[in-house]
Amino acid sequence: MIAASGTGVIVGAKTPISHKQMKNQLNHWKSWVLVMLTMSSIGQADSSELSSPSFNRDIRPILASNCYSCHGPDSSSRKADLRLDTFAEATRDLGGYAAVIPGNPQSSEIIKRIQSQDHEEIMPPLETGMKVTPAQLAQLSLWIQNGAEYQTHWSFTPLQKPGLPTINMELWPKNGIDYFIGSELERIGLVPNPEADRYALARRLFLDITGLPPTFEEAEAFANENDPLAYEKLVDRLVDDPAYGENWAAMWLDLARYADSAGYGSDPLRTIWKYRDWVINAFNRNLPYDQFTLDQIAGDLVPNPTTDQLIATAFHRNTKTNTEGGTDDEEFRVEAVRDRVDTTVQVWMGLTMGCAKCHTHKYDPISIQEYYQFYDFFNHTQDEDKPDESPLLATPTDEQKAQIQDLDPLIESLRRKTSSIGDELKPDFAAWIDSVRAPEKNTSLDLSPWSAAGPFFAENFDKAHDQEFVKAGSIDLASPIQQADRSLTWKRMDDWIDGQIHTFEGDNSATYLYRSINSPTEIYQFVSLGSDDSIQVWINGRRIHNNKTSRGVAPDQDFVGLPLKKGINHLLLKISNGNGGYGFYFQLKEKNAPNDLVELIEKSPEELSAEDQKKIERFYLENTPVLQAERDELARLNGRKRAIQNSIVKTPVMRELDPEKFRSSHVLIKGNFLSPGEEVQADVPSAFHPLPADAPRNRLGVAYWLTDSRNPLTARVAVNRFWARIFGRGLVETEEDFGSQGKMPSHPALLDWLAYQFQNDLKWDMKRLVKLIVTSSTYRQSSVSSGEKLLQDPKNEWYSRMSRIRLGAEAVRDQALMVSGLLTPKQMGPSVFPPQPDGLWQAAFNGQRNWATSQGDDRYRRGIYTFLRRTAPYPSMATFDAPSREICTIRRIPTNTPLQAFVTMNDPAFVEMSQAFAARILKEGGAGIEDRLRFALQSALARPADKRQMDILRELLDSELKHYSDEPEEAGNILGGFKEWIPADVSTAEAAAWMIIANVILNLDGFLMKG
């Protein structure tokens, strides 16, 4: 067959074919050539000369990406009843043929299908868009030829400690890490970089361990230190710095999906910062990773849990809740439980277990039944997607405890006095009984006509009820009342008759009603009230009734006693409405008790039950004027206690239901909470070790299972995560997936050595793990990269140098704050609101819509304390890849966009930092330009100033000084509120020019990068 050049026709073919068909045939021919060359070499070459494919390294990724979606673990999507993920199934006789025939690739159906030209038979099917490359086909063929050995997935194999490899670079290794890295570098023909200079090492260590840069003085002191142990001592000092916990907590808060709001559309605010503080403290006090795990998964289930352990369980209360109208609480409770399952397994074991919530996992050995068995561990907690976020843990301060302890005996004394009829009250009680049985006429009271003011409008019903539009103690019917741009006046309602319902209009509004009552004597006058919606009553400026309700107005809804003094009394009512029309009802009562109570009082004592007598006495005690002072004082003290209790921080925590209230767990068909299938009981996936024999079948058992020495993944995942934060990428790049779809580790033996060290030799000590990594020669390398290394190791997978990494979102902010002199060392406490562009919260949510910018020290705190609302996260940090934390974020994928430069040059917070840095340069940098430039560069970069940079900055300074001398108004504007920080002998134009210099330095690549 001869191809006619450029014609797209192959001579000898039965029919002409297209260029595309010809290309496909040529590719197929190339594949066969590669396969045949491979196959022929097997018989000619010695086996030691061949690179036999590894199933885990070479073959599994091919099958996983091309075959497992149709021929993997998930039976619901399996085609042709064929599995390729196990040896037994792949080699099973399918009726005279098999997908894989060990030793015989030519007869293996998998090879035939990959090579087929029949669109009905080719695999993967053309419509999937997937394709096995010729190189992959050659590897599959060679693997089958060599016996088609299957292996347990590398990450599922038991953890064992590998021995240290031997290397030729005898003087290079500082610890075991370097033997594994050095061995691979020697294998591929690369040599490690020399150690970075002392200034670079100091800055690298400070940023990696504390997230903050060193001062120039600290870096210089380290650079000039002759102590051979200086490096190790600096590491020890930094891991003991409180800033260590703040830095490493940010990593964990991504995993914990920590935020200050509940998520979904309305995204209401949530008070859970105590958990954030617990994480910081846990890192700082070096809580072992196994205990760190247990406290967060099941701290509430240990005997006599501490407050810290209960707060730790907020790890799983960071799930989103949806309390919008019309949502089903059970649906979102189920979603929260599934989020806990998915997050637990991905954070600790690096597996995408969430893929099995609707069907058996297509790639990893986790069935849908096993998913819901694991779900059962988490399905018995008290939280139910409720607006109050219960259960909550109150954590009063010592001061709050003392205040409540002082109030309690006073409250108890008054409660006893106002809850029983002692000897001193019996005469008055008897007189009241007589007044109910033979009431006096109240015609002697002189009531003025009603006057009305309103409606006063508010954002919603709650604010209409709560807002004080009129001062109750200073009613002046002749004076207008201001509300925003409206002026309202009191209107006399002469036609309103008591005992009738009177109505008015206004959604989300309030109307005030006033009248005077002239009483000839001091009496207690009862009135019948009705309202639509809520009603509040003041007599002589004192509120005596407050019923916040939603209802339609009707007579006799509330029965209230008015304590009238002799002479003129001032009665004020406030009726608040949600929507639709609203109104009120008012009627004096002749008898000093409600009708149902009158009926009881008119009976003889023998006819009354004990409960009836209690009802009569309770009403008297709650309404008699004799106890009014005590009731007022009791109400005041209770109000103070409630205010203190309301100010106590309450954190959502995990609490288990009582066993008799446990829920049943079912496989949810297609993940639908309305379609429960078979009932399941708590268990772990069968592909892994069972629960420890003595472990309970609850979340506590899960915590023990995760850190069990037989667990092959927890330690591997943890050390990989720490490695990734330090080097910019993990030994397993796909931190989120250690399963069959994830990448193989670049250094599998090193990963296992570190994991074994962490679990066994280091006893889960996180600080010692960090120290082990940063004291290695691998870490201390210079980041300078040669052309050869960039070609041979472009991503630095082999660690032939130290990676250059842009700082994380929090560190970008924190470093600029520190260098500018603004950073406050204040730690812990409620989240803060640093400056951000205006209007981002204006229309996005129900509830709080205003970003109340923090003042004082809170304005300049570290980024970890910045308030995070999930649907509108802090924009400058989001631009630097900080997640919204609506779900668990295993790793931040770094980006490089122009928006990042816009932030660091123009964001209000960063402009303020440039202004402050300029003020600091002018105050602390000396008198001359050279001294100030040197000070600025050294302060920012923590190394001696470079003359070339100083020359460039000098030119820029001269240019900007000329510009602002010509534009004095612009100079004043750019300095903002920091004009007052500028020394008196510095002109506005000069200060503005230095502000530009400061801004440029804070945007240098060397400032924003680590390495």
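Student: Which residue in strand 10 is the bridge partner of Phe456?
Tutor: Ala510. Strand 5 (residues 450-457) and strand 10 pair in the antiparallel sense, over 5 bridges. Two strands count as paired if DSSP finds at least two bridges between them.

Student: What are these numbers based on?
Tutor: This is a predicted model, where local features need pLDDT of at least 70, side-chain atom pairs count only at pLDDT 80 or more, and totals for chains, interfaces and linings use all residues. Residues are numbered from 1 along each chain as its sequence is written, and side-chain values use heavy atoms, with hydrogens and water left out.

Student: And how are the strands and helices numbered?
Tutor: From the N terminus, as DSSP runs: helices are H or I with at least four residues, strands are E with at least two.

Student: Back to strand 10. How many bridges join it to strand 15?
Tutor: 11, with the two strands antiparallel. Strand 15 covers residues 567-577. Arg515 stands opposite Leu571 there. Strand 4 (residues 446-447) is also joined to strand 10, by 2 bridges, and runs antiparallel to it. In that pairing Leu447 stands opposite Ile517.

Student: Why call strand 10 largely enclosed?
Tutor: 10 of its 11 residues (509-519) are buried, so the rest of the structure largely encloses it. Buried means under 20% relative accessible area, exposed over 50%, partly exposed in between, with a 1.4 Å probe and protein chains only.

Student: New topic. In what order do the strands of the open sheet run?
Tutor: 9-16-11-14, four strands with antiparallel pairing. Strand 9 (502-504) and strand 14 (558-564) are the edges, each pairing on one side only. From one strand to the next, the twist averages 30 degrees.

Student: What joins strand 9 to strand 16?
Tutor: 3 bridges, antiparallel; strand 16 is residues 582-588. His502 has Phe584 as its bridge partner.

Student: On to helices. At what angle do helix 24 and helix 25 cross?
Tutor: Roughly 105 degrees, with the axes coming within 8 Å. That makes the two helices roughly perpendicular. The cut-offs: under 35 degrees is roughly parallel, over 145 roughly antiparallel, 65 to 115 roughly perpendicular, the rest oblique. Axes are lines fitted to C-alpha atoms, for helices over the stretch in contact, and angles run from 0 to 180 degrees between N-to-C directions.

Student: Which residues meet?
Tutor: From helix 24, Ala715, Arg716 and Trp723 are among them; from helix 25 (residues 748-761), the set includes Leu750, Asp752 and Phe758. Contact means heavy atoms within 4.5 Å.

Student: How does helix 24's length look against its residue count?
Tutor: At 1.5 Å a residue, its 14 residues (714-727) should span 20 Å, and the end C-alpha atoms are 20 Å apart, which agrees. The expected span is 1.5 Å times one less than the number of residues. Helix 24 has 13 of its 14 residues buried. Gly728 follows, with a positive phi near 95 degrees.

Student: What covers the buried residues of helix 23?
Tutor: Helix 13 (289-298), helix 15 (329-349), helix 16 (368-377) and helix 24 are included. In helix 23 (residues 699-706), 7 of 8 residues are buried, so it is largely enclosed. Trp705 is one of the buried ones.
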